[in-house]
Amino acid sequence: MATASKDRRAWQRMLSGRRLDLLDPSPLDVEIEDIAHGLARVARWNGQTHGDSAFSVAQHSVLVDAIACDLKPDWPIKWQLATLLHDGPEYVIGDMISPFKAVVGGGYKAVEDRLQSAIHLRFALPASLPQVVKSHIKRADHISAYLEATQLAGFAETEAAKLFGRPRGINPDRYRLDPLPSGQAQAAFLERFHSLLKAMGQERSS
């Protein structure tokens, strides 16, 4: 019977040339271009959405960031960056739907948390976010899920409301979702990232 090998590969080679260790990820091996490229090619809802293109995690991330700022206009820039990167680990491990995460259990969550911490440290964010920040991001994430579910994934409003809650604190009509091709989603994600990074630099130098 085959036995597990201690030398079994646990890293992924990125297009940047970085080799990211999935079990012990180093912030030094995290590159924003790899994140944007990967997230733009990972489909939300396992691809079960309307449109010629998949609704990507990259586009979802930009949407959640916009909703978080809509809910709280004074949302600090560093937390805006954390919001944009809230699904960052999915550039490596994909977007696993919540019901399947529950089946897989804690092992998946441990890998996800280590990757998220490495991403945060790479971009000068706390390895673990304050609970108040996590809660605000989760609220924006749930609103995004409701909008995606009802506009793209075929959910009735009553079903989406039961699963994610009805959007409160924003005008849902402001958000009409149109899935972007992967290249455009990647560009939108990178544009938002670099604008936030520039703003953070200006904030520190002022």
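Tutor: Phe-189 touches Ile-32, Ile-35, Ala-36, Leu-39, Ala-58, Ser-61, Val-62, Leu-84 and Leu-85, leaving out residues up to four places away in sequence; contact means heavy atoms within 4.5 Å. The model is predicted, so local features need pLDDT of at least 70 and side-chain atom pairs count only at pLDDT 80 or more, while totals for chains, interfaces and linings use all residues. Residues are numbered from 1 along each chain as its sequence is written, and side-chain values use heavy atoms, with hydrogens and water left out.

Phe-189 also belongs to the largest nonpolar core, which has 54 residues; Ile-35, Tyr-91, Phe-123 and Phe-189 touch the most other members. Such a core is a set of buried Ala, Val, Leu, Ile, Met, Phe, Trp, Tyr and Cys residues joined through side-chain atoms within 4.5 Å. Buried means under 20% relative accessible area, exposed over 50%, and partly exposed in between (1.4 Å probe, protein chains only). The elements giving two or more residues to this core are α1 (32-39), α2, α3, α4 (90-93), α6 (106-122), α7, α8 and α9. Helices are DSSP runs (H or I, at least four residues), numbered from the N terminus.

Gln-186 lies in helix α9 (residues 182-205). Gln-186 counts as buried because its relative accessibility is 16%. Apart from neighbours within four places in sequence, Gln-186 is in contact with Ala-36, His-37, Ala-40 and Arg-41. In general, nonpolar side chains tend to be buried together in soluble globular proteins.
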